Structures are given as structure tokens and as C-alpha cells.
Amino acid sequence: MHASTRSVRSSLQAALAALLITAAGTALAAQPAAPVDDAYSRTCAACHGAELRGGETGPALIGAAFQQKWASVPATVLEAYTRGSMPPTNPGGLGAADYASAVARIRSANGWQVAATASQQAPTYTEWLHNRADAGSSSYSPLNQINASNVNKLKVAWRWKSDNYGPTPEFYYRVTPLMADGVLYTTAGVRRTVVALDATTGETLWMYRLDEGSRGAAAPRRSSGRGVAFWRSRNAGEASRVYTISPGFQLIALDARSGLPINSFGTAGVIDLKTDLPRVNDPGMAQPGSSSPPVVVGDTLVVGVAFAAGGGPKTKEAVPGYVRGYDVRTGALKWTFRTVPQKGEPGSETWLEGSETYTGNTGLWSTFSADAERGLVYLPIEGATGDFYGGHRPGDNLFADALVCVEAATGKRVWHYQIIHHDIWDYDLPAAPVLADITVDGKRIPAVVQVTKTGYAYVFDRVTGKPVWPIKETPFPKSDVPGERSSPTQPIPSKPAPFEPQGLRVEDLIDFTPELKAQAQQIISQYRYGPAFLPPSVVVPGKNLGTLIRPNLSGGANWAGGALDPETGLFYVSSISTVGPIGLKQDKSVSNMDWIGTYGEGFPGGSLGGPAGLPLVKPPWGRITAIDLNSGLHKWMVPNADTPAWARDNPALAGIKLERTGSFDQVGLLVTKSLLFSGEGSGLWRAGGGGNKLRAHDKATGEVLHEFVLPANQSGIPMTYAVNGRQFIVVAVGARGAAGELVALTVD
């Protein structure tokens with residue numbers, strides 16, 4: 001293995017050598033400092049010369065001729081002329097601060113009086129240091145330069161394309177960049193190259209890629225992933241760091257200024273994360289991986305594990321997804337939290353007949369959160385092997401499908417709550433828990449909110465784990481699959497109400513016309529259907545194609561999760577109204593398990609499942625719901641998109657006026673001081689979703705205030721930051737035929 005790194009720094013950094021790393025990782029030049037924003041050097045010098053003496057394509061901006069023309073002209077006139085004519089490829093395309101800075105540079109070079117501009121002073125930043133803004137995953141920023149009065153003036157500030165980062169372009173680009181010290185840090189391509197960009201211009205500053213060979217090619221999560229983690233030392237002079245997890249499941253520490261590996265971390269900056277996990281017999285080819293970044297709390301890096309889809313695993317014996325904590329400076333392993341507790345450990349009594357000795361999964365595949373002040377980490381754990389059959393793991397199976405709170409420094413469990421007992425629906429906890437300080441019945445509560453695929457939001461006191469509102473163990477139907485022992489109850493919260501319908505009834509079916517409803521009834525007659533948590537059933541050709549579950553294994557909510565307005569206590573969650581069939585069959589050529597899952601069998605029209613290529617159920621098919629966490633009540637709900645073309649133009653609906661229906665994608669959400677932003681999803685991982693609109697909503701009502709057309713579909717969670725008071729919104733986009741890119745938006 002060797003590191004293949006290329007580093008390029010901006011021409012703005014005068015007197016700093018460009019950094020180039022050879023394929024072997026040897027530095028050929030000094031490490032550069034953080035970038036400096038000089039609007040003239042960035043936008044004018046190529047034509048008019050760094051010394052303002054002119055060039056091949058632009059006249060001199062100093063000297064007698066220039067002074068004779070402009071010396072007596074007010075600075076505002078020169079700035080207006082510059083704005084109207086420069087840059088020649090995009091007149092007026094820069095921000096107001098850039099034009100002011102460039103004109104100030106010109107006036108200063110001619111000896112004319114000029115007030116200091118923001119870019120000539122020490123730059124100021126409003127940063128975005130975590131995957132979801134802060135350690136508590138709020139997806140909130142207090143920025144308000146972009147607001148209801150000017151959001152209709154949004155424009156593209158820059159675009160950064162990922163086409164060439166990898167052997168083939170990546171289209172489903174799920175990253176959320178971080179911004180620190182005026183630099184964006186992100187990942188790109190199926191080899192998960194780490195890239196640093198100038199936050200003002202989108203210029204590539206450096207890149208790093210670990211060449212993993214066959215190990216990377218065999219990775220279960222081979223993609224750009226969801227981004228990186230950033231660490232800033234409390235010690236003056238100690239370099240900030242960027243941490244990433246490679247597709248081949250290696251943890252890497254990089255100098256944030258240069259992209260160079262930190263040699264004092266692990267082995268030359270790299271730690272093999274497959275080490276110390278049970279049942280990993282071939283570290284180069286085994287299944288564990290991750291597509292989410294680690295979480296930094298104090299001096300500890302917390303790392304989760306992800307696996308390939310588990311509907312039909314090869315064996316009931318699998319690698320467990322233990323969560324681990326590493327020293328942020330050295331990479332030394334500090335602790336391991338066993339998500340499948342072993343004999344004698346708390347929770348082991350929920351694994352019967354020795355199943356804890358061979359069962360795996362129970363990973364942490366999504367992003368997750370922390371209470372940095374209290375030193376606590378909140379882990380949304382996935383289900384155990386396999387997704388749809390639990391006969392080989394009798395019992396409730398802690399800590400599968402549980403929200404677990406541990407001490408970041410030690411890994412000691414503080415509290416847990418199992419949200420799904422003995423999961424046989426692939427109802428993993430899919431999204432980062434969101435921390436919120438709320439007031440309930442006059443009492444201030446430090447809370448944590450976990451959204452689920454089942455369409456519920458579970459709210460706990462994040463210190464004690466006590467539910468904020470009662471959660472009742474509720475009876476549900478029993479499985480009749482031979483060997484399966486399903487849980488007789490599941491915990492259902494009394495508040496908030498579900499944000500998605502529960503279970504499937506005939507009255508839920510699509511009914512735009514009597515013919516469509518009759519066809520929908522005929523489709524569901526081939527399956528079992530009914531209340532929520534109806535167990536998967538054995539497929540019997542001609543009699544039963546499985547069980548229809550709603551919400552299905554995609555959610556409800558998924559990794560896009562929720563967002564919080566800390567000022568009002570409003571919590572926003574993106575969800576979809578999915579229905580899907582899960583059946584079970586036997587096939588010893590595939591797995592040594594008694595039963596394995598089949599998903600989608602018999603469904604026409606892809607995953608939509610209904611007649612004429614339409615969904616089975618009535619709209620809205622996708623929604624954004626606002627929940628008041630102080631009362632537990634829903635504030636409002638709006639469809640997440642307009643009516644998609646596949647419904648609007650469907651011949652079966654000719655002459656029928658459709659209200660706004662929403663579409664089948666959990667959309668990315670961003671909350672600012674005055675607005676809620678939402679995309680439409682990528683449309684790349686299920687049928688019926690995706691769109692290229694970014695909408696600004698009134699936070700209090702859900703009303704759409706403005707729609708901005710993106711170059712492609714929103715595929716990552718939007719984020720925002722400011723440089724010298726100028727606010728940017730950056731969102732990853734991608735679509736079929738449109739490779740992933742970052743798009744930065746701003747207003748003047």
C-alpha cells in the first residue's frame with residue numbers, strides 16, 4: 001500500500017511553495033499556510049498582471065495613462081465600472097466584497113486613499129465543523145445574510161466537479177463538506193479521495209488518496225462516503241487534522257493545511273480498522289467497512305462499522321460491528337464497546353442459546369452525535385444478522401436497534417434504549433440522533449431525538465436516558481415462520497405522533513379512479529398486509545408473495561434524518577410513505593441460514609408497487625414534518641416536492657388534477673436563522689424520487705418562499721458558512737448522467 005497524494009495551493013498564497021507529494025508520499029516542498037483571500041490576485045491578475053502593469057489580455061491598471069483617466073473619479077464609479085465589465089467571462093458575477101477589495105487594491109497601487117477592506121484585514125469565518133453543523137447534529141446555522149428578503153436572488157458562486165476522482169465518475173454523491181479556517185474539506189470518488197477547497201472560490205488546494213488495491217476494490221461501501229471529521233487542538237501551534245475512513249476500512253489522519261499524513265498517528269498516519277474485530281480472517285478482503293466519518297469528542301475519535309446488505313447473508317456467523325474509540329493524536333485504541341455483548345456482560349441475557357458467540361452486524365453505519373460538553377456519544381445501532389430472519393438469534397438482541405449512550409473517553413455505557421426488539425424488518429436506526437434543549441411542562445430538559453425508519457421520533461433525556469414522554473410496550477402479531485420467535489411487543493411512543501402512516505389498510509390505497517383502486521386491491525391480495533410490525537412471511541408461489549410492510553425498510557426516515565431550530569424547538573424530519581414486500585425462502589446454495597429474505601418479489605413498476613407504474617398508496621408520497629419538541633405536537637406537514645412527472649404525465653391519470661404529492665426521496669434539510677432549506681433527493685437509490693430544486697421554506701409554516709434550480713439533483717445534505725460576512729450554501733448534487741459535484745450558492 002502506498003499513499004498517492006497531489007497537493008496544489010492557490011496563487012493567492014504569495015511566497016509559499018506549491019506542495020507536491022510523490023506516489024510514495026515524500027514531501028518535495030514546505031507545507032503551506034492557510035489560504036488568504038485576495039480578490040484582485042484571484043480574479044484580475046491573470047489579465048492585468050500581479051503588479052498591475054498589464055498583460056497579454058489586459059491593460060495596465062497603474063501609470064500615467066490610467067491615473068489621467070481615473071484619478072479624479074470617485075471610488076464608487078470605478079467600482080461600478082469594474083462590476084459591469086469584469087471578469088470579462090462573467091461581468092457582475094463576483095460578490096460585492098470581491099469588487100470592493102479589487103478596486104481597493106487598484107487604488108492603493110496608484111497611491112490613492114482607500115479604506116481597509118475586509119479581505120485586507122484578518123479574515124473572519126462562521127464555520128461548519130461537523131457533518132451536521134455541530135456535534136449534536138442539528139444541521140442548524142445562525143447565519144442570516146441569506147433570508148426571506150433576498151433568497152430569491154440566490155446564484156451560483158462556484159461549482160466543483162468530482163468527475164475525475166476515481167476510475168469512473170460517481171453520481172450518487174452523498175457528502176456534506178466541513179468548513180474550517182476558510183477551507184472546505186470533503187471526499188470524492190469511489191476511492192474516497194480527500195480534497196481541500198478554498199471556501200470562497202472552490203479552488204482545489206490539495207488532495208489525498210490511499211491506494212488500497214484489491215482491498216479497496218472489495219470494500220462493501222465503495223463510494224465517496226458522507227465526508228470527513230475535523231479536529232482542532234486546544235494547544236496553540238498544534239496543527240489541525242482531518243480524519244477519514246477509507247473504503248477498505250482504514251482510519252487516516254491528515255494535516256489540515258497540507259493533506260500530508262500525520263506520521264505520529266498509527267503507522268505513518270494509518271490504522272487498520274479490521275484489526276481487533278472478531279471473525280475477520282482475511283483483513284484484506286473481509287466485509288467490514290464504513291461510509292460515514294468518525295466523530296471527534298475531546299481527545300477521542302469514535303469509529304463505527306458498516307456492512308453489505310444483509311437480507312441473504314452467506315452465513316449466520318458474521319463479524320459484529322463493535323464501536324471503538326482511538327486517541328486523537330496517536331491513534332492508540334482506548335476502548336471497545338461490544339454491540340453484541342458477550343457472556344456475563346450486561347445485555348448478554350438477551351441472546352439465547354449461545355447466539356452471541358457467532359451473530360454479527362449490529363453496526364453503526366450512519367452518522368452519529370455527541371454531547372461534547374458532557375463527553376457523551378450517542379450511537380444509533382443497526383440490526384443483527386440477518387435482516388429478515390432471527391431464528392438463529394433468539395431473544396431481544398441488545399444492543400441491536402438501540403440508541404446507546406457511552407462515555408467518549410472510556411466507552412463505558414451510560415444508558416441505552418432498544419427501539420426495535422428482535423428486528424426482522426431491517427429497521428436499523430438510520431440517522432444521527434439530534435441533541436436539543438427543550439422545555440416540557442415548564443421543565444428544562446437536555447434531550448436527544450432519534451428518528452426511525454418506522455416513522456416515529458423517540459425523545460429521551462440525553463443524560464439519564466429516561467423517555468420525555470411515556471413509551472408503551474405494545475402487542476403486535478406473532479411470526480408463523482418455522483424457527484422464528486418474534487418479539488410479542490414493540491415500544492411505541494405516546495408523543496410525538498408518527499410522522500408516517502403505520503401499516504397498510506384498503507382505505508390507504510391509491511384511488512384516483514375506481515379502476516386504479518381495483519387494480520391496487522388485486523395487487524395487495526397476493527400478500528399479507530395489515531398493522532405495523534407485521535412479520536415477514538414465507539413465500540408460497542401462487543398463494544403468498546410475502547408481507548407488505550409500511551413504512552418499509554427504506555423508511556420512514558433514513559440517513560438524511562432531521563434538523564433542529566434551537567431557538568424555537570421545532571424539529572424537522574424528512575420522510576417517505578413507502579410500502580414494500582418482504583418474503584422468506586430457503587436456499588442453502590446462498591446461505592447456511594434456515595431462511596433468507598426476498599425483497600420486492602412480485603411488485604410491478606419497480607419499488608412503487610402500484611398499478612400503471614404508480615404507488616400503491618395515496619399521496620403525499622414524501623413529506624417534511626415540523627414537530628414542536630416542547631409540546632410533542634406536530635406543527636405542520638408539507639409534501640417534500642411537487643407532483644413528479646411520472647405521476648403528472650401518467651396516462652392513467654389523464655384529466656385528473658393532482659395536488660402537490662411529494663416524491664419518494666428523503667430530502668436533505670438545512671436550518672438557518674430565518675429559513676428552512678430542502679432539496680428533493682437524488683433519485684439514485686430508489687424508484688420515484690429525485691429532483692433538482694432547492695427550496696427555501698418559512699420555518700414556522702412550511703410555506704415555500706423560493707425555488708432554486710440546481711445543476712443536478714440534491715444528493716448530499718446542504719451546509720452553510722460565511723467568509724468575511726458573506727454567506728454560502730453548499731450542496732452536493734448528482735443524477736443519472738450528471739456526475740457528482742459541489743455547488744456553492746450565495747447572494748450579493
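Reader: How do S37 and strand S38 pair, and over how many bridges?

Author: S37 and strand S38 (residues 726–735) pair in the antiparallel sense, over five bridges. Two strands count as paired if DSSP finds at least two bridges between them, and the strands themselves are DSSP runs (E, at least two residues; helices are H or I, at least four residues), numbered from the N terminus. Before going on, please keep in mind that this is a predicted model, in which local features need pLDDT of at least 70, side-chain atom pairs count only at pLDDT 80 or more, and totals for chains, interfaces and linings use all residues. Residues are numbered from 1 along each chain as its sequence is written, and side-chain values use heavy atoms, with hydrogens and water left out.

Reader: Which residue in S38 is the bridge partner of Ala 722?

Author: That partner is Gln 727. The hairpin of S37 and S38 has two residues between the strands, and in this hairpin Asn 724 takes a positive phi near 50 degrees.

Reader: What other strand does S37 pair with in the antiparallel sense over two bridges?

Author: Strand S2 (residues 125–126) pairs with S37 in that way, and there Tyr 125 stands opposite Val 723 of S37.

Reader: And how many residues of S37 are buried?

Author: Five of the five residues in strand S37 (residues 719–723) are buried, where buried means under 20% relative accessible area, exposed means over 50%, and partly exposed lies in between (1.4 Å probe, protein chains only). In a regular strand the side chains alternate between the two faces of the sheet. In S37 both faces are covered, with Met 719, Tyr 721 and Val 723 buried on one side and Thr 720 and Ala 722 buried on the other.

Reader: Switching topic, in what order do the strands of the open sheet with S33 run?

Author: The order is S33-S34-S35-S36, and the pairing is antiparallel. Strand S33 (669–671) and strand S36 (704–709) stand at the edges with a single partner strand each, so one side of each is left without a neighbour in the sheet. From one strand to the next the twist averages 20 degrees, an angle that runs from 0 to 180 degrees between the N-to-C directions of axes, which are lines fitted to C-alpha atoms (for helices, over the stretch in contact). S33 and strand S34 (residues 675–678) pair over three bridges in the antiparallel sense, and Val 671 stands opposite Leu 676 in S34.

Reader: What is the strand order in the open sheet with S27?

Author: That sheet of four strands has the order S27-S28-S31-S32, with antiparallel pairing. Its edges are strand S27 (562–565) and strand S32 (633–639), each with a single partner strand, so one side of each has no neighbour in the sheet. Here the twist averages 20 degrees from one strand to the next. Strand S28 (residues 570–576) and strand S31 (residues 622–628) pair over seven bridges in the antiparallel sense, with Ile 576 opposite Gly 622 in S31.

Reader: Now the rings: how many aromatic pairs does a search of the whole structure find?

Author: The search finds 21 aromatic pairs. Rings of Phe, Tyr and Trp (its six-membered ring) pair if their centres lie within 6.5 Å, and planes under 30 degrees apart count as stacked, over 60 as edge-to-face and the rest as tilted. One of the pairs is Trp 415 with Phe 460, which is tilted, at 5.6 Å centre to centre and 45 degrees between the planes. This pair links distant parts of the chain, with Trp 415 in strand S19 (residues 413–418) and Phe 460 in strand S22 (residues 457–461), 45 residues apart.

Reader: Are Trp 415 and Phe 460 buried or exposed?

Author: Both Trp 415 and Phe 460 are buried. Phe 476 and Phe 533 form another tilted aromatic pair, at 4.8 Å centre to centre with 55 degrees between the planes.

Reader: One last thing: where is Ser 290, and what does Ser 290 touch?

Author: Ser 290 lies in the loop between strand S11 (270–272) and strand S12 (295–297), and at 1% relative accessibility Ser 290 counts as buried. Leaving out residues up to four places away in sequence, Ser 290 touches Arg 192, Arg 221, Ile 245, Ser 246, Phe 249, Gly 304 and Ala 306, where contact means heavy atoms within 4.5 Å.
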